[in-house]
Amino acid sequence: MKTLADELFREFREHSVSEFFRKNAAMLGYTGKVRSLTTVIHEAVTNSLDACEEAGIPPDVVVEIKRMDEDPEHLRVAVEDNGPGIPERFIPSVFGKMLAGTKLHRMLQQRGQQGIGISGAVMFAQITSGKPALVRTSTGDGKVVEVEVSINVDRNEGEIHTKRVVEGKWKGTRIELELKEVSYQRSRYSPFHYLRMTSVANPHARITLEEPDGNRMVFERVVKEVPKPPEPMPLYPKGLMADDLLILCRASKSRTVAGTLTAELSRMTRQKVEEAERLSGVRLDKKPRELTWEEAERIVKAFKQMKFMAPSSSGLRPIGREHIEKSLRQMYEPEFAVAVTREPKFYRGGIPFVVELGMAYGGKAGKGEEEGGGGMELLRFANRAPLVFDQGGCVITSALRDIDWGRYSLNPELSPLTIFVNFCSAYVPYTSAGKQSIADEPEIYEELRFAAMDAARELRFYLHRKIRQREREQRAGIFEKFLPIIAKRASSLAGEEPPDIRPVLKKVTGLESDGGE
Ligand SMILES: Nc1ncnc2c1ncn2[C@@H]1O[C@H](COP(=O)(O)OP(=O)(O)OP(=O)(O)O)[C@@H](O)[C@H]1O
Ligand SMILES: [Mg+2]
């Protein structure tokens, strides 16, 4: 007999991850005409920079935005890099499969971490213009491959439509996407602003933007060295949850759980394995696949009681204090610039991170004209990638909002101040797949505050010095004006030659002087 449930469940279907994001593109940042365009560019540019850095190549990234016809919201975007290229057989998965990539499963400090960025952009192009992506890439083997690729949404797979292979010496990757319902402008949320910010945080990169009206501009590289490629940072035992451990064991190539632990976790020595075995009562010479949930829980609990060497943070690649300062000086021509790179810290029990913060005061710093001018401006970055949207929900914003700026002689509404913050970690705790704001982890919040206070203290020194200097100059002005007159009158009353007052002036004002008159 057929029940009502049988009837209702006739509609039961499975969906692919691509289908989910096709319907929920907003979760990947595709909302609004300006934001959607910036998001496409963000995804392509972060990939280019990641690829170049991993290969140790000084990045040279070109972004071209062209109009297709009289419709100003119909644009073609091309992003080209001089990176290592993509082997031909991976092209369908890179551009046509969601949750696929070289980053998802490695603890490496990179801009990408989900394996969904560029396929999301291909999807957006596909659903707005109906056109596949055009990809040209070469690994430097003398062959340049050019394909048209789209996403088969039902299967979450890439489909190649056309393919052409030509000989050539060029190496790198170029992707072209045709988009509709996007809008180009030069606001704070635009590709222009985004690339400008990218350039501040990546002084080793050269970035070119060609705007739809043909205007071409170059954000030049200001430092020569390419950052050292990031190094994998294995998970730290204390930061692990039972579920993480089971996943590691399931994917492990080791023959025993003990082998998996030493291979996959940091600071796991033979002695530590033995200690964990003793404390948890779980035999660790069993096959990794046979580990049960309860056993994993017991092992994780044992880890929490054990002492380990502090987690290693040597794989992190901060920008560095000097480079941040140099970039800020170059971009804002400020009166004063300062930057701090804090020591590595850990969140969630063992994930290492570094907070860097720079301040530029005066000059072109602070909120621009379009925002009413004056007041503090905040530039947020995660692993050198600008976070342009969702500022309100980000821990960087809340940590800085909670600073008592008055103590540093600063006023958020008035001070001409740009604050630059870069959060570095192999795992950035984003609040959503759109990767635009960082979750409120207590350790991160604290570190951000410390970094802000470190820099603000330096700035306060500068501001106080400036005030003292101004007072001294004012005082000097008064003496310079009146002392010569007094000296002249006094000497004429006394019937003497006027004395040389220059040494006296210098003494009272503390400034060199030509003696007035
Ligand atoms: N320009 C490029 N040069 C070389 N490899 C690339 C390039 N673009 C993408 N890839 C490869 O394709 C993979 C998928 O890219 P995608 O942007 O979808 O994900 P991701 O960068 O790994 O993570 P995220 O979703 O956070 O961006 C990358 O992991 C990388 O291996
Ligand atoms: Mg990416």
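**Exercise 1.** Determine which strands helix 5 lies across, and at what angle it runs to strand 6.

*Solution.* In this predicted model, local features need pLDDT of at least 70, side-chain atom pairs count only at pLDDT 80 or more, and totals for chains, interfaces and linings use all residues. Residues are numbered from 1 along each chain as its sequence is written, chains are lettered from A and ligands numbered from 1 in the order in which they are written, and side-chain values use heavy atoms, with hydrogens and water left out. Helices (H or I, at least four residues) and strands (E, at least two) are DSSP runs, numbered from the N terminus. Helix 5, residues 117–129, lies across strand 3, strand 4 and strand 6 (172–180), where contact means heavy atoms within 4.5 Å. Its direction makes about 35 degrees with strand 6; axes are lines fitted to C-alpha atoms, for helices over the stretch in contact, and angles run from 0 to 180 degrees between N-to-C directions.

**Exercise 2.** Work out the strand order of the sheet, and why one side of strand 5 and of strand 8 is left without a neighbour.

*Solution.* Pairing requires that DSSP find at least two bridges between two strands. The eight strands form an open, mixed sheet in the order 5-4-3-6-2-1-7-8. Strand 5 (157–167) and strand 8 (216–219) stand at the edges with a single partner strand each, so one side of each has no neighbour in the sheet. From one strand to the next, the twist averages 15 degrees. Strand 3 (residues 133–138) and strand 4 (residues 143–152) run antiparallel and are joined by five bridges, and Ala133 has Val149 of strand 4 as its bridge partner.

**Exercise 3.** Describe how helix 3 packs against helix 5.

*Solution.* Helix 3 (residues 33–55) meets helix 5 at an angle of about 145 degrees, the axes being 9 Å apart. Helix 3 contributes Ser36, Val40, Glu43, Ala44 and Asn47 to the contact, while helix 5 contributes Gly117, Ile118, Ala121 and Phe124.
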